[in-house]
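Welcome, and thank you for stopping by. Please have a look at the sequence and the structure below, and then let us walk through them together.

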Amino acid sequence: MRPFPRLLPRRPRRPAARHAAEHGPEVEVSASERELFGGQLVYDTSWSQHEGSRYQLDLRTMILGMPRLVGRAVALAWQADRRATACVAVAEVVSGISQALGLLGVNWLLATLLAGGEMTDRLRDAVPVAALLGAVAALGALCTALSTLAIGPLEPKVERLARERYLERAYEVEMAAMEDEDFHRLLESAQYGASSARSMIRHAVSVIAALLSLAAAGAVLTTLHWTLLPMLLVIVLPRALATLTVARRRYRSFHRWVQHSRGAGMLARLMTDTDAAAEVRVHGVGPFILRHFRGMSASQEAEQARLARLAARTDLLAAFCAGVAALATYLLLAGLLWTGSMALAAAGTAVLAIRSGTANLDGLIRQINYLHEESLYVGDLDRLIAESEQHRIPRGGAPLPSPVRAVEFDGVSFSYPGGSAGEPVLRDISLTLPADRGAVVALVGENGSGKSTLAKLLCGLYLPGAGTVRWNGVDVRELDRREIFGHCAIVHQDHFRWPMTARVNTVISRTDRPVDEALLAASAAHAGLGDLLSELPRGWETLLSRTFRGGHQLSGGQWQRLGIARAHYRDAPLLVVDEPTAALDARAEARVFAQIRSLADRGRTIVLITHRMASVRHADVVHVLHRGRLVESGTPEELLADEDGHYRALHDLQAAQFRPVPGQSKERLP
Ligand SMILES: Nc1ncnc2c1ncn2[C@@H]1O[C@H](COP(=O)(O)OP(=O)(O)OP(=O)(O)O)[C@@H](O)[C@H]1O
């Protein structure tokens, strides 16, 4: 038979439009993004990699993955506190059983009340049943309270243990690992593992409780009539699917819009940024940013409205399906009553069981999804702990020779992990640092020539890629690195500013022994802190951070003095001073160099890294680095004598800056 001719053309399907309605429009780069950022912002943060994955699961993955997720949470809790974990487990199981018993008790009660005979007799018979029901309810409540009581301290304990493991790994790994991009990303993302471990406990307990209540309802329904269990599943399924559909839609939307909404968030933060505050006002940047913020927010509001419309539609459809399934169940119950296969009391209990079994369904699915997301961060923490083993600074090793006479670099080359495609920063360096007679050893050279890197190798922060560093002839790889650290002190130009008191900022370099007040006073005098301490509102006890109330902020130069005091307080035989005076005024600078000299005269070895050639003249020996190579070594006088040398060239360039500019006379100045 010929097909009936089509009179009307087939209505064109609009896959693009339907796709857009379901999945949302493709996120276009908005005019604001193009104008402000040159295109769409793509954040490159490790912490965000699992964000939103809670919406990702489908029904199959969720059901199959649930035992593993719950098991992981239980294992975390077990490691933290076995008693509390056992207590929660028993309390939750007993609470689930009491729910099932409660439903059976209701059945019994209804059966007693609906039985034939005098009402007074029936009421009298019901009293012990009601009492039993009350006891079961009390047991359930008691178990819930017990579970709450045990979870309270268990959650923070799990978090603390996970965080401690994280922090230990963070400070026990090699500096090179901290520089390694992949490892550092893992370190960043694993930091959320501890709070996620805590959240997993909470979510797992909710999942277990909801599952037990579903199981209790299922078990009771099965005892009432076997057909009721599949009916419960038929009621549950549409709501479960709807919740997952809405969640997955959010997941897709989140991944499309996350960059856009972060961009808007960044604009909002810029408006309140202290550093930007002056320009926001004087240059009138406020209205400009606000306009773009409004534009970027409007498109997100439209996206939220679209998601809400779809969620309402899906929920309505699910409610309709669940309603039809419930109606079918009630018809089935009516049929069972009609045929006498079920007593009226059992039917009443079935209605109650269905209601209690489905009550926590949305919550159950949400909690499983949260468990899934949190488990990804805990997985990062597990991975970090495993990987950090390979990067751990080795424990033990040969003790540091005493006294240390010399540290020798022999053909040392070094590249930073991942830095400039592995280009060596130091190449074939051979030099010897005297360490037993007090000396100032200066390292000079242009920016990036490798001076600071060499100093870090000296302190054992990095190991050479090729060649060896030897302490009294013993390879640094064989030595106990913690002893090498203990032998060194470092003053950086940008030493760390601890958001603590001035006292802690000084004594923090030697926390392995009680505070030595005499040494603290000597360190303050050495760094010229006297005036500063008398100006600080609470002297040594002044909190040095503006983040906290009563905190005080120091100037760059004042911080630098504090850094010098800190290094002095460490009281180590080898002192590395890396651009110690960059933020100091001329008087303070001269003082610091005189102090450095006096320390050397008293037997310390000072490795001085500086661009101030005038200060280098205090050194006993100078090593000149150029593009990672050691190009000259000698006393300042010897090096100055070489007219074609690097040292001489650097020296002359700086000296020229102090000569009067030709043609510029003092008379021209006002
Ligand atoms: N953590 C790092 N990761 C990758 N490369 C680095 C790192 N630190 C320094 N570098 C690179 O190593 C080279 C030497 O740097 P280093 O800081 O040792 O030089 P420097 O002589 O002390 O410089 P400056 O006088 O500017 O302080 C530079 O090219 C620098 O970019």
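## The chain as a whole

Of the 670 residues in the chain, 32% count as buried. A residue is called buried if 20 or more other C-beta atoms lie within 10 Å of its own, exposed if 12 or fewer do, and partly exposed in between, with C-beta atoms placed from the backbone. This is a predicted model, in which local features need pLDDT of at least 70 and side-chain atom pairs count only at pLDDT 80 or more, while totals for chains, interfaces and linings use all residues. Residues are numbered from 1 along each chain as its sequence is written.

The secondary structure comes to 23 helices and 10 strands. These are DSSP runs numbered from the N terminus: helices are H or I with at least four residues, and strands are E with at least two. Among contacts between residues at least 6 apart in sequence, 80% join residues at least 24 apart; a contact here means that the C-beta atoms of two residues, placed from the backbone, lie within 7 Å.

## Spans listed by UniProt

An unreviewed UniProt entry lists residues 86-110, 130-154, 204-222, 228-247 and 316-338 under "transmembrane region". Its positions are given in the numbering used here, feature names are shortened, and annotations may be inferred rather than shown by experiment. In the model, residues 86-110 are 100% helix and 0% strand, and their end C-alpha atoms lie 36 Å apart. Residues 204-222 are likewise 100% helix and 0% strand, with 26 Å between the end C-alpha atoms.

Strands of a sheet pair through backbone hydrogen bonds, either parallel or antiparallel. In this model, 6 strands form an open sheet with mixed pairing, in the order E6-E7-E8-E3-E9-E10. Its edge strands are E6 (488-491) and E10 (629-634), each of which pairs on one side only. Two strands are said to pair if DSSP finds at least two bridges between them. On average, neighbouring strands of the sheet are turned by 20° against each other, direction ignored. Helix H23 (residues 646-656) packs on this sheet, where it touches E3 (439-445), E9 (621-626) and E10, and its direction makes about 90° with that of E9. Such axes are lines fitted to C-alpha atoms, for helices over the stretch in contact, and angles run from 0 to 180 degrees between N-to-C directions.

Now for some of the pairs. E6 and E7 (residues 574-578) pair in the parallel sense over 4 bridges, and Ala489 has Leu575 in E7 as its bridge partner. E9 and E10 run antiparallel and are joined by 5 bridges, with Glu632 in E10 as the bridge partner of Val624. E9 and E10 form a hairpin with 2 residues between them, and Arg627 in the turn has a positive phi of about 50°.

## A four-stranded sheet

Another open sheet has 4 strands in the order E2-E1-E4-E5, with antiparallel pairing. E2 (426-434) and E5 (474-475) stand at the edges with a single partner strand each, so one side of each has no neighbour in the sheet. E4 (residues 466-471) is joined to E5 by 2 bridges, and Arg470 has Asp475 in E5 as its bridge partner. Helix H14 (residues 451-458) lies across E1 (406-414), E2 and E4, running at about 125° to E1.

Helix H12 (residues 344-359) has 16 residues and reaches 23 Å from its first C-alpha to its last, close to the expected 22 Å. The expected span is 1.5 Å times one less than the number of residues. Its buried residues include Ala346, Ala350 and Ile354. Seen down the axis of H12, the buried residues fall within an arc of 160°, so they line one face of the helix; the arc is that of the directions from the helix axis to the C-beta atoms. On the other side of H12, Leu344 and Arg355 are exposed.

How enclosed is helix H19? In H19, 12 of the 15 residues are buried, so the helix is largely enclosed by the rest of the structure. Among these buried residues are Leu562, Ile564 and Tyr569. What covers them includes E6, E7 and helix H20 (586-601). Just after H19, Asp571 takes a positive phi of about 55°.
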